[in-house]
Amino acid sequence: MAEDTINVSIAEETLRKYDKESNTRILKGNSKLIVSTIAISWSLYQLYTAIFGALPSQLHRAIHLGFALTLTFLIYPRKKSLYKKGIQIYDIILALLGASVALYWIFNYRSILYRAGDSILPDIIMGGMAIIILIEAGRRVSGLPIITIASVFLAYCYVGPYMPMALAHRGFDVERIITHMYLTTEGIIGIPTGVSASFVFLFILYGAFLEKTGIGQFFIDIANAIAGKAVAGPAKVAVVTSALEGTISGSSVANVVGSGSFTIPMMKKLGYRPEFAGAVEAAASTGGQIMPPVMGAAAFLMAEFIGIPYTSIILSAAIPAILYFTGVFAGVHFEGHKIGLKGLSKDQIPNAWKVLKSRGHLILPIIGIIYFLVSGLTPAKAAAAGIGLAVGCSFISKETRMKPMDIVNALENGAKTAVGIAIVAATAGIIVGVVTLTGLGLKLANGIVSLAGGNLFFTMFLTMIASLILGMGTPTTANYIITSTIAAPALLQLGVPIIAAHMFVFYFGIIADLTPPVCVAAFAASGLAKGEPIRTGLISTKLAIGAWIIPYIFVYSPSLLMIDTTILEVIIVFCTSIIGMTAVSAGIANCFFTHTTMIERVLLIIGGLMLIVPEIYSSIAGCLIVVVIAYFQINRKKNIKVSQSQEI
């Protein structure tokens, strides 16, 4: 088994290189003890509020942000190369300042509310310090892209009168900008921070507890048992594993390193090109961000932004996510069939029954949390109940039983993982604050619609480009906040259902992780596979063709998102879409039952698209096209086999 996995240090270095949120310090001694105590205290506070009820929203968000800012400067070094060095004096000072901007809110809570916009000098001083400290925290956690955007937006608030007419506004002085960002719930402690404090943290903590049960290895083993023997088996294992891990994960790069450390060496060992092995893992792992129930924390934000229950969001996301993974799975199958990629040998495949018998109970917390959500519990209480279920289920088997230190470590690791999302959410709150203060979202939406001439397709195309650019190198949470604030309003102006518009920009913001030149998931996968990064990105983009097609389809036909539809329609849409996505993938791969001609490729893609569109006549026509192509393909394959046997 050791030769089939990537050295742990290589995986860790890859994660540090391509995932800023994983570039934390290695701490020892008293420093480690202090940081661990703060992290565990944060987790216990969040669990307490989930079970017994939160404080008023402003106080709860301020406490949440205070913990996040304090930990940021203690665990994230000033630059990557310093992660092996201990905490410096300036880090301690910044951590204390980060705590102080939250404590100011906490101790002056009532007076800030009573003043209601009538700010005093200490408000302005603390607010200015909060913005500066948060931007530095954002730089340490996520790098330059998000803080550059936030800084440009802040500048836009001030220079509004000097902007071109389409973007001009009356402008705001420094005092108004600072107080809007710091004292109101439309800035730093706005909806993004509120979602992070109320829901996201607890689901991250839930994931940390699941990880301690060994569910990651269970996913890999069960995926091996299901798909390991098939054509291109190891690649299919990567797809299945990433789909399963995506139900609890919040990072494309973390998904790549988590499952890719196992699947990429396995693929290479059987003759897969490094670029193809990396591309499969990148495409599958990025898809994890669109897989319910977590969806990289975007599901919680979407629910708050558009005022739709969380369960409705994950229900709407289900069919598109399944279609995405169907496309990747089919693409892997047809590509493997075309170039003769083999599956694993029998001795390399675990016995499915033994895996389920020994560790099948680990799936119960995932089933449980879905049940809790559907039964009417709030996401916070559902996550808390899921954590309790994870701990309880671990005791079913001695092999998975959690020890007291495992629980303590889960509390600590969950908090450390949540730091990045909390800081990114607060930084993105600056962007949201600027949009609400200046009306920029409406201005940009008008610009996109005007440039597209009011045409829905061209508006979607321009919105897609904007989402891809805004999503480059940006973490999932910030990615969605930015694209939904800036790009989604353009689609809403043309009457697109609100959930379809938000899903559209979310999909293309996520697919930026695969799209060259800033394809962080593909870069991480190529680092593990020792392949060429840009080529890996191009192949992964080809495999993830579903992510490029599906958003256009559900904007034109919202029934794909289960909007205003019936159970029978959902079943029909699901079945025809699966067949359609398979046909599209076959056309892209240039292989169905055997190699395809150019005409067959084009017809497969056209027929597949017609099947994906939830409309009866297009589905019938698409089905006929695919059946006819399949008939000719099967006959040609038989003839090839006959001629080969005659030659022998």
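Biologist: Which residue forms a salt bridge with Arg140, and how far apart are the closest N and O atoms?
Modeller: Asp91 does, with the closest N and O atoms 2.7 Å apart. A salt bridge here is a side-chain nitrogen of Lys or Arg within 4 Å of a carboxyl oxygen of Asp or Glu. Arg140 lies in helix α6 (residues 121-142) and Asp91 in helix α4 (residues 89-107), so the pair ties together parts that are 49 residues apart in sequence. Helices are DSSP runs of H or I with at least four residues, numbered from the N terminus.

Biologist: Before we go on, what should I know about the model?
Modeller: This is a predicted model: local features need pLDDT of at least 70, side-chain atom pairs count only at pLDDT 80 or more, and totals for chains, interfaces and linings use all residues. Residues are numbered from 1 along each chain as its sequence is written, and side-chain values use heavy atoms, leaving out hydrogens and water.

Biologist: Back to that pair: are Arg140 and Asp91 buried or exposed?
Modeller: Both are buried, and for Arg140 the relative accessible area is 3%. Buried means under 20% relative accessible area, exposed over 50%, and partly exposed in between, using a 1.4 Å probe and protein chains only.

Biologist: What else does the side chain of Arg140 meet in a salt bridge?
Modeller: Glu136, at 2.9 Å from N to O.

Biologist: Switching to rings, how many aromatic pairs does the structure hold?
Modeller: It holds 26. Rings of Phe, Tyr and Trp (its six-membered ring) pair if their centres lie within 6.5 Å; planes under 30 degrees apart count as stacked, over 60 as edge-to-face and the rest as tilted.

Biologist: Which residues do ring pairs link into a cluster?
Modeller: Phe457, Phe458, Phe504, Phe508, Trp548 and Tyr552.

Biologist: Last one: how many residues of α3 are buried?
Modeller: 17 of its 19 residues, and α3 is mostly covered.

How values were computed
Helices (H or I, at least four residues) and strands (E, at least two) are DSSP runs, numbered from the N terminus.
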